[in-house]
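Keep the structure open while you read.

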Amino acid sequence: MAFSSSTTPTVAYFSCFNTFNEISSPLFKPPKLPLFWPWEKVKMGPLSASPMGFGTWAWGNQFLWGYQESMDSQLQQTFNLAVENGINLFDTADSYGTGRLNGKSEKLLGKFISEIPGQKQVQNNIVIATKFAAYPWRLTPGQFVNACRASLARLQIEQIGIGQLHWSTANYAPPQELALWNGLVAMYEKGLVRAVGVSNYGPNQLVKIHDYLTARGVPLCSAQVQFSLLSMGENQLEIKNICDSLGIRLISYSPLGLGMLTGKYTPSKLPRGPRALLFRQILPGLKPLLRSLKEIAERRGKTIPQVAINWCICKGTIPIPGVKYVKQVEENLGALGWRLSSDELLELEYAALESPQRMIQNIFQTR
Ligand SMILES: NC(=O)c1ccc[n+]([C@@H]2O[C@H](COP(=O)([O-])OP(=O)(O)OC[C@H]3O[C@@H](n4cnc5c(N)ncnc54)[C@H](OP(=O)(O)O)[C@@H]3O)[C@@H](O)[C@H]2O)c1
């Protein structure tokens, strides 16, 4: 009895975390260990985020991801499970959701946050990183402020964690670029976002926007790019170095190569929809990488997606794998709480270099 009362605070403190260290004895129930300790949270400007977040592009996207409204309760379960396990970073965008479902990802997140079972503190701790599309008609700070207010309404929150520019217009409409930057400044100055970030910005544009925002007194806390064992070219490495030198966090999107780094797809077992076209080109060349992922996973008692995500963490980035099912959240949570060795990282990177086809890059990705 004395034992159980002395452990109660620990159990209560960590009760929101899953356990990986199960010692099965009917008499001894050890306290559940967290997937990461409070001091392993990542500082992003004024925010404190879990070392991995989850992406919600699929939530509302019928075209690429086959979303249907009947999936909503299962998506809510994935969200709740992530939150119960200490995940507080969720990536979304005001353009996520196809056709009439535009904005659906933000709406679902808003609903799920508001319905987190009875814990105001957990709700307040959630960091929503949403992205504002650089639509051609968004040309003034006021238009970005309106876009931000529309996202806040869908998300049912008062302040967004990170307000990000979804892409730069430097490649095709350079004069609009300054309007985007001033849009971020306006949102920040009005207190609608706690911090700002960018997405699909290359090394040159990243330095430019960083210097501009710094001069305007706005801290740039994050940059997200496609970053994975399938997408680790010179651009990514250069961006990472710049982020490190400027105190910006790199968020790695598509860390599972849209699903190709999970091991469940093969050239003869392709996903439904447009992803199949891409996978058909790339998967045949991925044999060395998938073999290496599998070998390391087996040696470690982990799974292929866990190893692929852990690689992103070991490279000093915050991965945001996309999830649709409870079992995907469960599995991806297992990417936390351990680290690949430096030899394993090299083994994976050599195997990735053996793959003849690189992942296609976002058309808006700049230099
Ligand atoms: N800034 C940008 O321009 C940009 C671009 C792309 C993505 N993003 C963000 O990054 C997030 C993640 O990227 P992503 O969704 O493109 O790709 P991803 O994370 O590389 O792959 C996600 C997909 O892999 C499959 N998957 C996930 N976990 C799995 C597991 N444990 N086992 C088996 N399959 C699993 C699921 O699809 P299936 O089950 O259908 O295979 C899932 O939708 C997005 O949701 C979005 O928030 C941002």
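## Where α7 meets α8

Helix α7 passes α8 in a right-handed crossing. Their axes come within 11 Å and cross at roughly 40°, and that is why α7 and α8 count as oblique to each other. Keep in mind that you're looking at a predicted model.

By class, the contact of α7 with α8 has six nonpolar residues, no polar ones and no charged ones.

## The other partner of α7

Helix α7, which covers residues 174–189, also packs with helix α6, residues 141–155. Here the angle is about 55°, and the axes are 8 Å apart. The crossing of α6 past α7 is right-handed.

On the α6 side you'll find Pro141, Phe144, Val145 and Cys148. Facing them in α7 are Asn182, Gly183, Val185, Ala186 and Met187. What classes do the residues of this α6–α7 contact divide into? There are seven nonpolar, two polar and no charged.

## α6 and α4

Now follow α6 over to helix α4, residues 104–114. The axes of α4 and α6 come within 7 Å and cross at roughly 45°, so these two are oblique to each other. Glu106, Lys107, Leu109 and Gly110 of α4 make the contact with Ser151, Arg154 and Leu155 of α6. This time charged residues join in: the contact of α4 with α6 divides into two nonpolar, two polar and three charged.

## Around the ligand

How many residues surround the ligand? The count is 28, and the closest are Gly55, Trp57, Tyr253, Leu256 and Gly322. Helix α13, residues 326–333, gives the most to this shell, with three residues. Sorted by class, the shell around the ligand has eleven nonpolar, 13 polar and four charged residues.

## The annotated domain

Finally, zoom out. UniProt, in an unreviewed entry, places a feature called "domain: NADP-dependent oxidoreductase" at residues 51–348. In the model, that span is 47% helix and 13% strand. The end C-alpha atoms of residues 51–348 lie 21 Å apart.

Methods: Residues numbered from 1 in each chain as written. Predicted model: local features only at pLDDT ≥ 70, side-chain atom pairs only at ≥ 80, totals over all residues. UniProt positions renumbered as here; feature names shortened; annotations may be inferred. Helix = DSSP H or I, 4+ residues; strand = E, 2+ residues; numbered from the N terminus. Axes fitted to C-alpha atoms, helices over the stretch in contact; angles between N-to-C directions. Left-handed = near helix turned anticlockwise from the far one by under 90°. Contact = placed C-beta atoms within 7 Å. Nonpolar A, V, L, I, M, F, W, Y, C, P; charged D, E, K, R; others polar. Near = placed C-beta within 6 Å. Parallel < 35°, antiparallel > 145°, perpendicular 65-115°, else oblique.
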